[in-house]
Amino acid sequence: MIKRFLQKVFTKRTKAHLAIEQADASDTSAAKKIPAKVHNINKSLISQAALKTCDGLQKEGFEAFIVGGAVRDLLLNFEPKDFDVATNATPEEVNRIFRRSRIIGKRFRLVHVLWGNETIEVSTFRGHHLAEGDAKTADSGRILRDNIFGSLEEDAARRDFTANALYYNPAKDEVLDFHNGVADVNAKLLRMIGNPTTRYQEDPVRMLRAVRLSAKLGMKIAPETQAPIAKLVDLLQDVPASRLFDEMLKLFLSGHAVESVNALRAQHLHHGLLPMLDVVLEQPLGERFVMLALKNTDDRILAGKSSNPSFLFATLLWHEVLAAWQTYKNEAPPIPALYMAMNEVIASQAEKLAIHNRYTATMKEIWAMQPRFEQRAGKRPFSLLTHPRYRAGYDFLLLRCESGELPMELGEWWTAFANAEGEARTAMLQADSNPKKRRKRNRKKVDASKSEPNT
Ligand code: ATP
Ligand code: MG
């Protein structure tokens with residue numbers, strides 16, 4: 001009943017809005033218009049696909065702007081990694097204009113316009129204001145609210161930071177700036193639009209975004225934007241797992257993960273981010289391992305290489321697996337105990353953090369390979385080399401060695417073994433299968449989670 005009433009009200013408002021929107025061009029009187037000679041955007045950094053999308057919409061009489069992170073990056077003279085376009089055309093209208101496009105999303109209906117292998121995300125201007133209400137109403141209203149179409153000015157006001165609320169019109173080579181974003185970008189300041197406390201309450205993920213974007217862009221968080229974070233940290237607990245996961249992937253794969261995690265820790269935001277990450281970071285060995293893994297990922301990304309999220313998550317949770325494994329070894333032989341530990345850690349993370357199944361399978365493979373690196377006799381090392389995930393398993397092993405969990409010698413042995421050929425390889429094995437040493441190893445029942453290697 002209430003739902004139907006709300007639907008009616010919202011449909012009415014939406015239609016009314018659109019009628020107004022489409023009759024007149026947006027009111028831009030509240031915006032500063034920044035001309036090319038001031039903003040200095042290098043047009044060659046803009047994707048042709050984004051330009052064609054804006055052009056296609058404008059030719060049909062709609063407004064269209066490149067918006068969000070792309071404009072901010074262009075002002076900073078970085079090449080944007082993706083382009084978003086905002087328009088007053090409805091998703092259906094956008095879909096009709098571009099042959100290769102599709103409407104996506106249930107809650108936020110967006111259009112993906114495809115050009116070759118590039119995708120431009122087109123969203124209709126959205127409004128965001130709900131009548132004042134208690135948190136619960138606002139929360140349940142969020143879905144509806146976010147899908148209300150609005151004016152250009154409202155669209156700017158619902159964005160998070162001033163630097164992210166800039167609209168670039170390629171036809172005029174002009175930036176529209178409602179919130180003094182260009183000045184903030186120039187001053188390298190990340191400033192929340194509106195009342196920061198309210199905006200964090202509306203969406204606590206904005207706290208993580210502040211930290212991530214400031215690390216990535218080398219921008220300082222403005223003092224009034226920074227101040228409320230400390231007391232609002234707990235709000236992150238209520239964020240749906242899937243959003244937290246997406247935000248975390250962005251953070252860890254930004255090329256600035258080490259800086260971001262350090263900043264999150266400084267603000268105590270990491271508690272809400274990854275259950276148990278705080279625990280891991282508080283153990284010296286765990287911290288060293290996680291930070292090395294993040295550094296490794298940053299280096300790869302900044303060098304233009306890809307980085308596998310499964311590998312990263314496997315590293316983030318490894319010390320949890322080690323601790324659980326240690327416990328299960330009291331009940332079961334080492335390998336079944338390891339599987340029990342892996343399943344437990346994944347299950348406990350899944351409650352809060354939706355690590356997709358496609359990642360967990362690979363994480364388990366990487367973990368399950370680890371004890372096999374400690375077996376250096378007989379045919380086993382040969383079969384490990386042919387494992388489809390050998391490379392990831394080996395990289396993981398090296399991190400364990402570098403963090404001090406295992407002696408460097410073990411990693412070096414595998415490097416040499418993989419590079420050796422024919423007899424030299426076999427010779428390495430024979431050296432290791434010395435019966436005296438094997439007996440010793442069996443007797444001691446070396447625990448893979450401790451730093452004792454099978455030497
Ligand atoms: P990145 O360069 O990492 O992609 P971005 O700012 O472009 O950063 P996106 O997640 O791509 O981040 O979002 C695009 C735009 O959507 C942002 O620039 C901002 O205007 C708006 N936006 C995204 N998330 C939020 C949010 N939680 N609250 C308000 N506005 C948001
Ligand atoms: Mg973006």
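Reply: What follows goes through the ligand site, then helix packing.

This is a predicted model. Start with the shell. Ligand 1 is surrounded by 17 residues. The closest are R72, D203, R206, R212 and K250.

What is the make-up of this shell by class? Charged residues number 13. Three residues are polar, and one is nonpolar.

Now the polar contacts. K250 places a polar side-chain atom 2.6 Å from an oxygen atom of ligand 1. K250 is also listed among the closest residues. For K216, a side-chain N or O atom is 2.9 Å from a ligand 1 oxygen. For R209, the corresponding separation between a side-chain N or O atom and an oxygen of ligand 1 is 3.1 Å.

How much of ligand 1 does the protein bury? On its own, ligand 1 exposes 580 Å². The protein buries 85% of that area.

Which elements give two or more residues to the shell? They are α4 (69–75), α10 (205–217) and α13 (241–252). The top contributor is α10, which gives five residues.

Two values describe a pair of packed helices: the angle between their axes and the distance between the axes. Helix α10 packs against helix α14, residues 257–266. Their axes are 9 Å apart, at an angle of about 140 degrees. An angle over 145 degrees would count as roughly antiparallel. The α10 and α14 crossing is right-handed.

Helix α18 spans residues 309–328, and helix α20 spans residues 357–369. The axes of α18 and α20 come within 9 Å and cross at roughly 60 degrees. So α18 and α20 are oblique to each other. Here, too, the crossing is right-handed, as α18 passes α20.

Terms used: Residues numbered from 1 in each chain as written. Chains lettered and ligands numbered in written order. Predicted model: local features only at pLDDT ≥ 70, side-chain atom pairs only at ≥ 80, totals over all residues. Heavy atoms only, no water. Near = heavy atom within 4 Å. Polar contact = N/O pair within 3.5 Å; in protein donor to acceptor, adjacent residues only side chain to side chain. Areas by Shrake-Rupley, 256 points an atom, 1.4 Å probe, with all protein chains shown as cover. Helix = DSSP H or I, 4+ residues; strand = E, 2+ residues; numbered from the N terminus. Nonpolar A, V, L, I, M, F, W, Y, C, P; charged D, E, K, R; others polar. Axes fitted to C-alpha atoms, helices over the stretch in contact; angles between N-to-C directions. Parallel < 35°, antiparallel > 145°, perpendicular 65-115°, else oblique. Left-handed = near helix turned anticlockwise from the far one by under 90°.
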